[in-house]
Each structure stands twice: as structure tokens, then as C-alpha cells.
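Here is a short report on a protein model.

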Amino acid sequence: MLFLKKQPPGRLIVLGFALVILLGTGLLLLPVSVRDDVQVSFIDALFTSTSAVCVTGLIAIDVADHFTAFGQTIVAALIQIGGLGVTSIGVGLILAAGKRVSFKGRTLVKEALNVDGFKGMVRLVKAVLLMTLCFELVGMALSFIVFVQDYPPLRALGISAFHSIAAFNNSGFDILGGLRNMIPYQSDILLNLTTCGLIIFGGLGFLVILDILKKRSFKKLMLHSKIVIITTVVLIVAGTLLLKATEDVSWLGAFFQSVSARTAGFSTYPIGEFTNAGLFTLIILMFIGASPGSTGGGIKTSTFFVLIQQVRSLFTKKQIGAFRRSISAETLSKSSIIVLLSLLLVCIGTFLLCILEPECSFVQLLFEEVSAFGTVGLSTGITPGLAHGSKMVLIFTMFAGRVGAFTLLSIWIERPAPTVHYTEESITVG
């Protein structure tokens, strides 16, 4: 315990996710979790657990075909823990037990949810848990209306609960079986819009949703919320138009895939049959991902917005900012580092996959790698057939994508700020 108290918040969060993944792997390997007529290897259990905790949705084996109701419940629990965050769940359990949350616990929540200060931390956790419950109950009720038409009521209720948890936490898992995902329901308007609604709100971030509920006016929202909402709308619209232009899909299908590509991973069409233009559109959306403090991954919408504003400022010679607010140099620097580290991670992962899977095309391997990094879960269909080494590459990528490449690198660096400053000199770039 003394060892853990001395660790920085970032390192504890990473260790927490790792321990939950290992625990989930062990539970999924139990005989009670696996169906009698199938076998689940350690690497496939580890892959499934990592994908669930990192709210990705990439699958090496089909959840419905390989796991019992108990195993599927474990997967749903892992998704919920991964989406809310290990620290939020831990603080919630402490509050449920009627105990006081320590300063260390508040620091962990602050780090996990990307909050600036410590004020109202316990209220924030309570609001996040209540908000999640409300969204998932509404999603489950609406999904049940659809699934009960095809399944017995009890089975439909289980599918609806699993689907709602997976959708709100931006994880593309399904328990319909046969690697079908949502293809059988590609024309069902209610299920498509319900799923999209859960994905969008889960991807906005808890702080943005709370800000919307509190202010109820776009003009009164804080800058972060405005940036997230505007960027989200632009990406959804742009993605819908590009997918409709490049693929033989309906407008509903194009809208659904545009929403889902930004870290959810559900699909109503076979992604493996998309053109290179369509796959490239999805890759861009997956790389950008959801918003800070949300259940999604990627470099985040606000990071993308900041970089776009930086480019705009370069050409217009105007101050970097938006909505009559300037953006700090520290934010610009952090955004650039996040994108650089993310690109480096994706490039290294894709290179390793190219070596390990020479029979697959470059676009397929890049797609799977970006899907793992963005904790999306969309797949061209090659993941189940990958070698163990390739699956390990994707496992590490999913983990790094969930905790953040910046966080993963910074947890090992504990150097004090430099006291010596050298003379500045310009160099030629570009």
C-alpha cells in the first residue's frame, strides 16, 4: 500500500487498467464463462478483455458464439468499468460504502476525467454515475422495442442491456452471434438512431453533457463545450457526405457509420467490402475519435480543433482562438505532442503488422491499427485470423489508445523542471 501511495496519478491509472484487464482475462477463461462446445485460448481471452476494458470492440472471437451468459455479463462489466474509468468506479464504490474519499482518490479522478481543479469532485463522480445509468436505461428500453420482435423477452432484455452499455461506452461489441454486428438491423430507424444517440452523448464527454444540462444555451457554454459540439457536428456531417459519395449505402447507413467510426465500432454494412476511399474516410474519423473526458478514444476532437486553428492562424495571421477566446501556448504544445506520439504509435504498429501479416493489404492493416488506437472496433474482417504476435500488437495499441500515448509515456518520466535555460536560437524548418 505504501508503494502505491508514492506512485503518481498517471501511473496508478495505467496500473489500474492493466489489473482489470488481467482480472477480466482470468474470469473469461473460467469454465462457467466458456460454452461447452468451444475453446478459448489465453491470447483470445486477453484480447477480448483488453478490447472490452479499453472500450474498443475489436474481436478475435465472437462473444455470443464463445461465451455463456455469465461470460457475456463479464464482458459487459468490463466495458462499463473501462468506459467510466477505473478510478470513477472505485470512488463510486467508496461512496456507496459510506466512506470518505481521500485526497489521493480525488487526484486520480481529476487526472482520469481531465478536470482542472478539485472543487466538487465527489459531486462530479455522483453526477457521472447517475448520468450513465439514465442514458443506459433509456437506451435499453428503446433497444428492447426492436430486439423483442426477434427474440424471447428475457433474451431480448439481455441483448438490449448489453447493447446499451456497449453503445454509450463507445464499444462496438455485440452478442447477436455470427460476427454480424448490426448488419441485420441496417434499415431499422429506431435502433440506428438510438445507437447513434448513445454513441454521440457518450463521446461528447461527461463535463460537456453536464455543462449543457446546466447552461441550456450554446452562448453560455464554456469554450471547451462549444469546441467539442461544433467539431463533433462538423465531423459527423462531413463523414456522412463522404461515405455516401464513396460507398453504396443509404443515407441512414452513411450517417450511422460516420457516427460509429468516431470510436464506437458498430457497423450496419460489411466494412471489408468498402472501397479504399471509404476506408480512408473511416481511418481519419477513427484517428480523430471522441472528446476528452468521454468514453471514447482517438486524439480527441478538441485536439484536432486546436491544430486546425493553429493552421488557420498561420495563414490569416490572426490570434489562435475561437469564440472570442484565445488558446494558450501550453494547449497548443500539448496538442502537437499528442498528435505526434499518436502518429508514431500508429506507424510503428502498422509496420509491425506489415511484417507479421504479409498476406494482408496495407490498407487493411492500417485500418485495424487505427481502429485499435482509436478504441473503435471497426474491422475489415481480418482480426480473428491474425497471428498471436499481431494480436499482441493490437492489444498494446488498444491499451495505449485508451490510457493515452501521452500519459503512457509521461508515467515513466519524473524529472524536475530544468533550472538552467540556454540561449534561444532560430533554426530553419519546413
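## Basis and overall picture

Helices (H or I, at least four residues) and strands (E, at least two) are DSSP runs, numbered from the N terminus. The model is predicted: local features need pLDDT of at least 70, side-chain atom pairs count only at pLDDT 80 or more, and totals for chains, interfaces and linings use all residues. Residues are numbered from 1 along each chain as its sequence is written, and side-chain values use heavy atoms, with hydrogens and water left out.

The protein has 19 helices and two strands. Buried means under 20% relative accessible area, exposed over 50%, and partly exposed in between (1.4 Å probe, protein chains only). Of the 430 residues, 53% count as buried. A contact means heavy atoms within 4.5 Å. Among contacts with a separation of 6 or more, 69% come from residues 24 or more positions apart. Accessible areas come from the Shrake-Rupley method with a 1.4 Å probe; for residues, only the protein chains shown count as cover. The protein exposes about 20700 Å². Carbon and sulfur atoms supply 67% of that area.

## Phe 287 in helix H14

Phe 287 sits in helix H14, which covers residues 276–288. Is Phe 287 buried or exposed? Phe 287 counts as buried because its relative accessible area is 15%, below the limit of 20%.

Which residues are in contact with Phe 287, leaving aside neighbours within four places in sequence? They are Gly 298, Ile 299, Val 339, Ser 342, Leu 343, Val 346, Val 370 and Phe 373. Take Leu 343: Phe 287 and Leu 343 are 56 residues apart in sequence. Their C-alpha atoms are 9.0 Å apart in space.

## Two salt bridges

A salt bridge is a side-chain nitrogen of Lys or Arg within 4 Å of a carboxyl oxygen of Asp or Glu. The structure holds two salt bridges. One joins the side chains of Asp 44 and Lys 391, at 2.8 Å from N to O. Asp 44 lies in helix H3 and Lys 391 in helix H18, so the pair ties together parts that are 347 residues apart in sequence. Asp 44 is buried, at 10% relative accessibility. Lys 391 is buried too, at 5%.

Lys 215 forms a salt bridge with Asp 211, with the closest N and O atoms 3.0 Å apart. Lys 215 and Asp 211 are about one helical turn apart, because four residues separate them in helix H11. What is the exposure of Lys 215? Lys 215 is partly exposed, with a relative accessible area of 28%. Asp 211 is buried, at 6%.

Asp 211 belongs to helix H11 (residues 206–215). A polar contact is a pair of N or O atoms within 3.5 Å; within protein, one must be able to donate a hydrogen and the other to accept it, and residues adjacent in sequence count only if both atoms are side-chain atoms. The side chain of Asp 211 makes such a contact with the side chain of Ser 225, at 2.8 Å. Not counting residues up to four places away in sequence, Asp 211 touches Arg 216, Leu 221, Met 222 and Ser 225.

Thr 48 is in helix H3 (residues 42–53). Thr 48 is buried, with a relative accessible area of 2%. A polar atom of the Thr 48 side chain lies 2.8 Å from the backbone oxygen of Asp 44. Beyond four places in sequence, Thr 48 touches Leu 28, Ile 61, Phe 67, Val 75 and Phe 173.

## Helix H18

Helix H18 runs over residues 388–403. The expected span of a helix is 1.5 Å times one less than its number of residues.

H18 is mostly covered, with 12 of its 16 residues buried. Among them are Lys 391, Leu 394, Phe 399 and Arg 402. Just after H18, Gly 404 takes a positive phi of about 100°.

## A nonpolar surface patch

Patches are made of residues with over 30% relative accessible area and no salt bridge: like charges are joined within 9 Å, nonpolar side chains (Val, Leu, Ile, Met, Phe, Trp, Tyr) within 5 Å. Leu 344, Ile 348, Phe 351, Leu 352, Ile 355 and Leu 356 make a nonpolar patch of about 570 Å². Phe 351 lies in helix H16 (residues 329–356). Phe 351 is exposed, with a relative accessible area of 55%.
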